[in-house]
Each structure stands twice: as C-alpha cells, then as structure tokens.
Amino acid sequence: MKKRKCLFLAGQQALTPDQQRIKELEAENRQLKMEQEILKKATAFFAKELL
C-alpha cells in the first residue's frame with residue numbers, strides 16, 4: 001500500500017496530494033481567466049481603433 005504524503009501549511013490542516021493539486025489547478029484557472037479578460041479588453045480596444 002502506498003503512503004500518501006501530506007503538505008502542512010501554517011495554521012491549516014494537512015493537504016493530501018489531491019487537495020494540493022486542486023489548489024494548484026484553481027490558482028492556474030484564476031490566472032487564465034484573468035489573462036483571458038485582459039485579452040478580451042485588448043481585442044475590443046484594437047477592434048475599435050480599426051473602425
């Protein structure tokens with residue numbers, strides 16, 4: 001049977017590898033959404049300049 005490693009954060013409970021991966025994916029998702037919004041705004045700006 002495999003032993004599971006847990007990550008301890010100050011003042012928080014231990015995170016399983018799956019929980020840690022979920023946190024990483026959520027952070028990446030937030031970053032990508034922010035970048036997508038920036039690109040949408042830039043697209044709208046440049047589209048307006050062309051008209």
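So, how far apart are Glu37 and Lys40 along helix H1? Let me start there. Glu37 and Lys40 sit three residues apart in helix H1, which puts about one helical turn between them. Keep that spacing in mind, as I'll come back to it.

Before going on, a quick word on what you're looking at: this is a predicted model.

Okay, the overall picture. The chain has one helix and zero strands. That helix, H1, covers residues 17-50, and the chain has 51 residues.

Now the charged side chains. How many salt bridges does the structure hold? Two. One of them joins the pair I opened with: Glu37 and Lys40 form a salt bridge, and their closest N and O atoms are 3.5 Å apart. Here's the spacing again: these two residues are about one helical turn from each other in H1. Both ends are partly exposed, with Glu37 at 38% relative accessible area and Lys40 at 47%.

The other salt bridge is between the side chains of Arg21 and Glu24, with an N to O distance of 3.7 Å. And where do those two sit relative to each other? They're three residues apart in H1, so about one helical turn separates them. Buried or exposed, or something in between? Arg21 is partly exposed, at 46% relative accessible area, and Glu24 also counts as partly exposed, at 39%.

Last stop: the aromatics. Searching the whole structure turns up one aromatic pair. The partners are Phe45 and Phe46, and their ring centres lie 5.1 Å apart. Why do we call this pair edge-to-face? Because the ring planes of Phe45 and Phe46 are at 80°, and anything over 60 degrees counts as edge-to-face. In general, you describe a pair of aromatic rings by how far apart the centres are and by the angle of the planes.

One more thing about these two. Phe45 is partly exposed, with a relative accessible area of 42%, whereas Phe46 is exposed, at 52%. The cut-off for exposed is over 50%, so Phe46 with its 52% falls into that class.

To wrap up: one helix and zero strands, two salt bridges, and one aromatic pair. Thanks, and I'm happy to take questions.

Methods. Residues numbered from 1 in each chain as written. Predicted model: local features only at pLDDT ≥ 70, side-chain atom pairs only at ≥ 80, totals over all residues. Heavy atoms only, no water. Salt bridge = Lys/Arg side-chain N within 4 Å of Asp/Glu carboxyl O. Helix = DSSP H or I, 4+ residues; strand = E, 2+ residues; numbered from the N terminus. Buried < 20%, exposed > 50% of the residue type's maximum accessible area, 1.4 Å probe, protein only. Phe/Tyr/Trp six-rings, centres within 6.5 Å; stacked < 30°, edge-to-face > 60°.
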